[in-house]
Amino acid sequence: MDIKKLLEFDRNHIWHPYTSMKNPLPVYPVKEAKGVRLKLYDGRELIDGMASWWAVIHGYNHPVLNDAIKSQLNKMAHVMFGGITHEPAVKLAKKLIEITPSSLDAVFFTDSGSVSVEVALKMAFQYWISKGREEKSKLITIRRGYHGDTFGAMSVCDPVTGMHEIFRNILPKHYFAKEPQIPYGAKWEDEDIFDIKKLIEKHHKEVAAVILEPIVQGAGGMRFYHVEYLQNLKKLCKEYDILLIFDEIATGFGRTGELFASFLASVEPDIMCVGKALTGGYMSFGATLCSRDVAMTISEGRPGVFMHGPTFMGNPLACSVALASIELLLKSNWQKKVKQIEKILRQEMEDIKELDGVKDVRVLGAIGVVEVDKNVDVARIQRFFVEKGVWIRPFLNLIYIMPPYIIEESEVKILVGAIKEAISKGIY
Ligand SMILES: *Cc1c(COP(=O)(O)O)cnc(C)c1O
């Protein structure tokens, strides 16, 4: 297909994430991708700073992951999960139970991150229904969170930065605590927990669960908060009979330097969501894990089954590539790689703090964030980045990178250099 025609059709007929049909922002046609490079139709190559939104941890077009899909494809691409099981699903579930917090014991496979959040919320509500406490039908979360674009997930996204503010009259109302203020690694002050504590004390009788992203808040603000916040929260949830749900969809599979962000705080949830990097970024897939207590309580209540079951549940291709991706990760020296990326990010980003217009610079694991003083002109800054040979996609006032773990030191430096240059030239 002629590339001009392709782009014209795209512009006139295809929605992209959060875009307008009337005034679409430019899109860049990618022909192939390999390792940490995206190759455009005009032959230019871009160093990928986004890992396609936290997902592509091993880089693109990885031979091991390609082989996992190919060999599964030759057996079966898909089969229904109602009344049927298969080896890829069983092996993946076993592996997930093994590597996630020890509290988690049962796995529900989902189609995407958002759906795994829907499933987590449903599990929490059904748990209390089974216990005869239907009045526990509210949720507590923290501001600046992001949990996905479906309705249940939207209802716990930050009401402003979570991008769903316009639906406020349609969404169910839940309770929002002030977001944690003490950054990860800073000096802890008990005051940070007071707001959510007050909400819990006041509303616990009607609250089914607290849901939040552990330690790293992603698309709602790219913030890193203190481990003691989670530790205190866990105690409160226990004390007041509230389930704790961790959304590890962005943070899971090593991004923070631990396999899961909750390990940084040594806190175990009752229910946990994974997605994004689960398949190494190969396809949409997710899972919701829960404790034995949650699973058994739901199963012993009325109607005795968990009320969810999507058509493509446990898709064998997705399970195979997810298992291959996890095994590849565990076999690699990912901890050392993430630590290295963290070190270079800290070094290289240090002097960005001094630039005009920069409010904050923060790094945790393989995540580097620059917060500037105004919302970024995405089309303008992306044109600049592409000219510089890098792929970085900011949102709001946040210019951030979270590259595939296989990235070279020199490539991280090029990514950070491009950010530095854009900011110092005022191109944002
Ligand atoms: C991306 C994301 C989701 C939603 O996942 P999708 O696969 O886009 O539906 C949910 N929670 C968090 C923390 C995320 O980063």
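Contact is taken here to mean heavy atoms within 4.5 Å. The structure is a predicted model, in which local features need pLDDT of at least 70 and side-chain atom pairs count only at pLDDT 80 or more, while totals for chains, interfaces and linings use all residues. Residues are numbered from 1 along each chain as its sequence is written, and side-chain values use heavy atoms, with hydrogens and water left out.

Leaving aside neighbours within four places in sequence, Gln72 is in contact with Pro88, Pro316, Leu317 and Ser320. With Ser320 there is also a side-chain to side-chain polar contact at 3.4 Å, a polar contact being a pair of N or O atoms within 3.5 Å, where within protein one must be able to donate a hydrogen and the other to accept it, and residues adjacent in sequence count only if both atoms are side-chain atoms. Gln72 has a relative accessible area of 5% and is therefore buried (buried means under 20%, exposed over 50%, partly exposed in between, with a 1.4 Å probe and protein chains only).

The ligand site comes next. Around the ligand stand Ser112, Gly113, Ser114, Tyr146, His147, Gly148, Glu213, Asp247, Ile249, Ala250 and Lys276, each with a heavy atom within 4 Å of the ligand. By class, this shell holds three nonpolar, five polar and three charged residues; Ala, Val, Leu, Ile, Met, Phe, Trp, Tyr, Cys and Pro count as nonpolar, Asp, Glu, Lys and Arg as charged, and the others, Gly among them, as polar. Polar side-chain atoms of Ser114 and Lys276 each lie 2.6 Å from an oxygen atom of the ligand, and one of Asp247 lies 2.7 Å from a ligand nitrogen. Taken alone the ligand exposes 380 Å², of which the protein buries 83% (areas by the Shrake-Rupley method with a 1.4 Å probe; for residues, only the protein chains shown count as cover).

Salt bridges form the next topic. Side chains of opposite charge can pair when their charged atoms come close. With a salt bridge defined as a side-chain nitrogen of Lys or Arg within 4 Å of a carboxyl oxygen of Asp or Glu, the count comes to 19. One of them joins Arg292 to Asp105, with the closest N and O atoms 2.7 Å apart. Arg292 belongs to helix H10 (residues 292–300) and Asp105 to strand E4 (residues 104–110), so this pair ties together parts that are 187 residues apart in sequence. Arg292 is partly exposed at 47% relative accessibility, as is Asp105 at 29%.

Other pairs lie within a helix. Glu201 and Lys197 meet in a salt bridge at 3.5 Å, N to O, and both sit in helix H7 (residues 194–203), four residues or about one turn apart. In helix H14 (residues 409–424), Glu409 and Lys413 are likewise four residues apart, about one helical turn, and their salt bridge has its closest N and O atoms 3.5 Å apart. Glu409 is partly exposed at 44%, and Lys413 is partly exposed at 34%. Salt bridges that share partners also join Lys359, Asp360, Arg362 and Glu371 into one network.

Finally, Glu134 is found in the loop between helix H5 (113–130) and strand E5 (138–142). Beyond neighbours within four places in sequence, Glu134 is in contact with Trp128, Ile129 and Arg302.

Methods:
Helix = DSSP H or I, 4+ residues; strand = E, 2+ residues; numbered from the N terminus.
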